[in-house]
Amino acid sequence: MTEFDDVLDDDVIVRRAERADLLDVLRIERACFSEPWPYSAFELFVDEPAFLVAARGNEILGYVVADVMPNHGNDIGHVKDLAVHPEARGNGLGRRLLLDALTSMTIAGAAVVKLEVRASNEPARHLYQSVGFRPARRVPRYYGDGEDAFIMVLDLGDWNSQGLTD
Ligand SMILES: CC(C)(COP(=O)(O)OP(=O)(O)OC[C@H]1O[C@@H](n2cnc3c(N)ncnc32)[C@H](O)[C@@H]1OP(=O)(O)O)[C@@H](O)C(=O)NCCC(=O)NCCS
């Protein structure tokens, strides 16, 4: 039993991130990544509509950071960061955060969404593929430790029309 065992209770909400969440977000980031973002990086995105947290009361269980960049009428969403507290994983929160971020990016006008994922990151690659992302190319030595990345892409028009939002 962990403190997160009842994580799927109805009282977990996904909402816009606020400045007051950032220290908790940073703690999860440091527990999840070998090259974690600094606090200042999260500060830059705090007003983005697709910077979301999964919260149970005052407790932050996970987050997603994404934004939308103009691209000559074919705006591009970018999932920059996604993480769930290690003890809260496997309960659907990562999927819920990702789907809500895709909805936010759709509303913000994105036509496609891209992301980078470590070649060895099976859980994340499975999640992205199950939502409809497809690998577009592999970038050798993308990460600081020399690991390759897959660039994955999702067409939001297809995603919305195929009802893949559940
Ligand atoms: C990737 C991550 C966010 C998934 O969060 P989660 O809350 O555990 O994910 P969910 O419970 O919503 O699972 C969604 C899907 O992810 C995939 N998945 C999750 N854990 C998995 C595992 N251990 N092995 C393989 N696939 C897995 C499955 O496709 C799963 O769907 P299913 O339950 O229908 O099989 C989480 O593992 C994490 O925080 N990892 C560390 C940070 C990270 O790597 N972020 C991604 C950076 S690109």
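**Sheet, core and ligand shell of the predicted model**

In an unreviewed UniProt entry, residues 12-157 are listed under "domain: N-acetyltransferase". The structure considered here is a predicted model, and over residues 12-157 its chain is 30% helix and 36% strand, with the end C-alpha atoms lying 29 Å apart.

The strands include an open sheet of seven members, which follow one another in the order β1-β2-β3-β4-β5-β7-β6 and whose pairing is mixed. At the edges stand β1 (12-16) and β6 (134-139), each of which pairs on one side only, and from one strand to the next the twist averages 25°.

Helix α3, comprising residues 93-107, lies across β1, β2 (50-56), β3, β4 and β5 (112-118), and runs at about 30° to β3. Helix α4, comprising residues 122-131, lies across β5 and β7 (149-155), and its direction makes an angle of about 160° with β5.

The largest nonpolar core contains 40 residues, of which Leu-52, Tyr-63, Val-64, Leu-97 and Ala-101 touch the most other members. At least two residues of this core are supplied by each of α1 (22-32), β2, β3, β4, α3, β5 and β7, and the largest share, seven residues, comes from β3. For Leu-52, when neighbours within four places in sequence are left aside, the contacts include Tyr-63, Val-64, Leu-97 and Ala-101, each of which is also listed among the core residues that touch the most other members. Further contacts of Leu-52 are made with Val-14, Arg-15, Arg-16, Ala-17 and Asp-100.

The ligand is surrounded by 19 residues, the closest being Arg-89, Gly-94, Arg-95, Pro-123 and Leu-127. At least two residues of the shell around the ligand come from each of β4, α3 and α4, and α4 gives the most, with six residues.

Key:
Residues are numbered from 1 along each chain as its sequence is written. This is a predicted model: local features need pLDDT of at least 70, side-chain atom pairs count only at pLDDT 80 or more; totals for chains, interfaces and linings use all residues. Two strands pair if DSSP finds at least two bridges between them. Helices (H or I, at least four residues) and strands (E, at least two) are DSSP runs, numbered from the N terminus. Axes are lines fitted to C-alpha atoms, for helices over the stretch in contact, and angles run from 0 to 180 degrees between N-to-C directions. Two residues are in contact if their C-beta atoms, placed from the backbone, lie within 7 Å. A nonpolar core is a set of buried Ala, Val, Leu, Ile, Met, Phe, Trp, Tyr and Cys residues joined through C-beta atoms within 7 Å. A residue is buried if 20 or more other C-beta atoms lie within 10 Å of its own, exposed if 12 or fewer, and partly exposed in between; C-beta atoms are placed from the backbone. UniProt positions are given in the numbering used here, feature names are shortened, and annotations may be inferred rather than shown by experiment. A residue is near a molecule or strand if its C-beta atom, placed from the backbone, lies within 6 Å of it.
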